[in-house]
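Hi,

Here is the structure I promised to pass on.

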Amino acid sequence: MISGLTMEQRRCEMRRARGWFLRCVVAVFLWSAASAQIRYSISEEVNEGTAVGNIAKDLGLDKSTLKDRKYRIVSSNADPLFHVNQNDGVLYVSRKIDREEVCAQSSTCLMNLKTVLENPLEVHYVGVEVLDINDHSPSFSEKEKRLEISESVLPGARIQLKPSRDPDSGPFSVQQYKLSQNDHFRLEVKDKGEDGKIPILVVQKSLDRERAKSHSLLLTAMDGGKPPKSGTMNIVVNVLDVNDNAPVFSKDVYSMMLIENAPVGTTVIQVNATDLDEGPNGDVVYSFTNSMNLNILNLFDINALTGEIKVKGLIDYEEKDRYEIEIEASDKGLAPLITDKSVIIKIVDVNDNEPEIEVTSFSSSIPEDSRPGTTVALISVNDLDSGLNGKVFCAVNNDVQFTLSPSSKDNMFSLVTKSPLDREKQSQYVLTVTAKDAGEPPLSSEKTIHVVVSDVNDNSPEFSLSPYTFYITEANEPGTSVFSVKALDRDENDNARITYHILRDGEGNKVTSFLNINSETGDILALKSFDFETLKTFQFQVVATDSGAPSLSSNVTVHVFILDQNDNAPVILYPVSSNGSAEGVEEIPRNVNAGHLVTKVRAYDADIGYNGWLLFSLQEVTAHSLFGLDRYTGQIRTLRSFTETDEAEHKLLILVKDNGNVSLSATATVVVKLVEPREAFAAADVKSATKDDEDNNVTFYLMITLGSVSTLFLISIIVLIAMQCSKSTDYTSKYLQETNYDGTLCHSIQYRSGDKRYMLVGPRMSIGSTIVPGSNANTLVLPDRRGTSTEVRRI
């Protein structure tokens, strides 16, 4: 029984415990729901109807039940600031909010709104913070404040002023004060926390009633808005007078210009000082201070009553360009007050000094190979004047080779070369340096500089001709000068001293071994005689070298032509007898007709031109009517038929001579035998064999001669081709198409003019040479032989 009761009691306690727990949970839930609060912020002065926030959404309320449950704001104010829209749960502003009206000076303006829902009842608190805007300006209680302060007050005195008020709070309240700019007062601000900032006026400089009887200040208060708003108050400070003034000059600084050389008595300046006191304390007299230099007292004087300063002596800018005169002004009080003042007199320069030029040369001469920009001399210019009067412009005369280069230092110039120099064109220069100042009128001076250009070895010797062509007559005397070359050098002294030598190229030209040259004069000597028949032309090179260091040289080609002389006598080739004498026997039949060729005398001369042109003539003949001799060909012909009375044997002595100035000759003897025809035929057979041998000998000699001539001809052609490669031919003739010697023994060209026939005979000359008397070339007038058949041959 007892145990059953105990169990029942336990069950009842358990049920009571569960009910209490549920009630606690519901109570906690309801308390949490009722105490939940949302916080919004909004600026003051917003328009009516401005949405603050969606309360239903932020609290998680069902919007569809808001109207049925009559969701509203509970307020005791008849004109509430906010209302809730029951359709959407949005909180709106009902009218404009003035934060200063709602919260006064509170730093934070928070409004707690109580909202309720019915059926079941729910209470929700909403906090709305009204944010301040800068809608008020600071203001002072007084528009103008008047203060009276004695001028004897010491700096540091403090006067507290009433502060400015601003209904706004926080940063939009009064944040700072400013005082208008002045020399006597400054502003201090004392921060009293919640009571705001208090402005304090501080005297920072002693007051002087004589200077300013009153001071007008403007005090400005500004809040912390952006842009800030401000309020102002005028402060008028009246200064109470004390008799404490010394004389005061009208200017803080007396400074003026005085032209040098100003006449004595010229007024320099008039100073003026005033004393704000009255009576004798305000009367002022002027004088120089006791510290004045005696030199200044000799130059200037001052009027004690008027303060006028005048010139007393000679003013020279070059001695001193500035004077500082100490003067004093004193009142006439019992205890006079004195004020000192400096008067600065600046002397104005007059252009009364010419520029002075000083030249410092580096050397007496400058090498001609100096590079452009080489410094020749340093020029310094000095002008005792100042300003524009002392500013100097320096120039050199219009010579293209030199110019003035300014240096980093004023009035210093360098005379430098402007372009390359050439001593051979101009060996010295006379330069005029002109210095001119910028004064009005300008003054100038000149300085002459002599610049000598020294020589450097920059010119090679130059021959007067290039190439040289010389003609030498053969058989010259050995050891004598045959010709001379000459070279000039445009340099001077050792650079122009020339020595000559022949360029000997070893095996290339053996002829140079027989030549010698005077190294100083250029005279060339032949160490042997030349033989035209052996050597007709040659060339070599002469080198001219100056004595400079390093030396320069040049060479020239010398062409030498050997001129023929008549030094070879004619040589009889036929007839030649067995013993070597020029004698032969010719047998002809008696019955031959006139014009029959008996024989032909053959001869040659090793010379050429006139010297090698041979003429034949009959010196002795037994019967002049029987035989005739062609003077050019050497043919002997019968002049008529033979008769019975004519002798059977005739001896003809034939003279062969050349046409030299001093002709050389040889003779040949021809014996003509007349035989009967039968004997002639027999003799002809015998003679033919002998004559064949003779002809063979003659042919052999002729072949040797022609071979020699051909060889000489080829050598001459090669030499002439080489000459033409180095020099063009400008010489032509109406009758001679080529005047170069071709190596033949004799050269002749025939031509006709009118009734006369001419023959031009002689050696060929070098290019550019002319035919002159004595050169072995002449024109011969030949008889007209058009009616006869005459053989003209070249030997």
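This is a predicted model: local features need pLDDT of at least 70, side-chain atom pairs count only at pLDDT 80 or more; totals for chains, interfaces and linings use all residues.

Residues are numbered from 1 along each chain as its sequence is written, and side-chain values use heavy atoms, leaving out hydrogens and water.

The protein has six helices and 52 strands (DSSP runs numbered from the N terminus: H or I of at least four residues for helices, E of at least two for strands). Of its 795 residues, 40% are buried, where buried means under 20% relative accessible area with a 1.4 Å probe, counting protein chains only. Among contacts (heavy atoms within 4.5 Å) between residues at least 6 apart in sequence, 66% join residues at least 24 apart.

Now the rings. Phe, Tyr and Trp rings (the six-membered one for Trp) pair if their centres lie within 6.5 Å; planes under 30 degrees apart are stacked, over 60 edge-to-face, and the rest tilted. That rule gives 15 aromatic pairs. Take Phe140 and Tyr177: their centres are 6.3 Å apart and their planes at 50°, so this pair is tilted. It links distant parts of the chain, with Phe140 in the loop between strands S7 (122-131) and S8 (144-150) and Tyr177 in strand S10 (residues 174-179), 37 residues apart. Both Phe140 and Tyr177 are buried.

Phe483 and Phe540 make a stacked pair, at 6.3 Å centre to centre and 25° between the planes. Here 57 residues separate Phe483 in strand S34 (residues 481-484) from Phe540 in strand S39 (residues 537-546). Both are buried, and they belong to one aromatic cluster together with Phe463, Tyr468, Phe470, Phe530 and Phe538.

Two lysines are worth a click as well. The charged end of Lys528 sits over the ring of Phe514, 4.1 Å from its centre, while Lys536 lies over the face of Phe532, at 4.6 Å from the ring centre. (The cut-off: NZ of Lys or CZ of Arg within 6 Å of the ring centre and within 35 degrees of the ring normal.)

Last, which residues does Ser554 touch, leaving aside neighbours within four places in sequence? They are Pro461, Glu462, Phe463, Val542, Val543 and Ala544. Ser554 is in strand S40 (residues 553-563), and a polar atom of its side chain lies 2.5 Å from the backbone oxygen of Pro461.

Cheers

Note on methods
Buried means under 20% relative accessible area, exposed over 50%, partly exposed in between (1.4 Å probe, protein chains only). A polar contact is a pair of N or O atoms within 3.5 Å; within protein, one must be able to donate a hydrogen and the other to accept it, and residues adjacent in sequence count only if both atoms are side-chain atoms.
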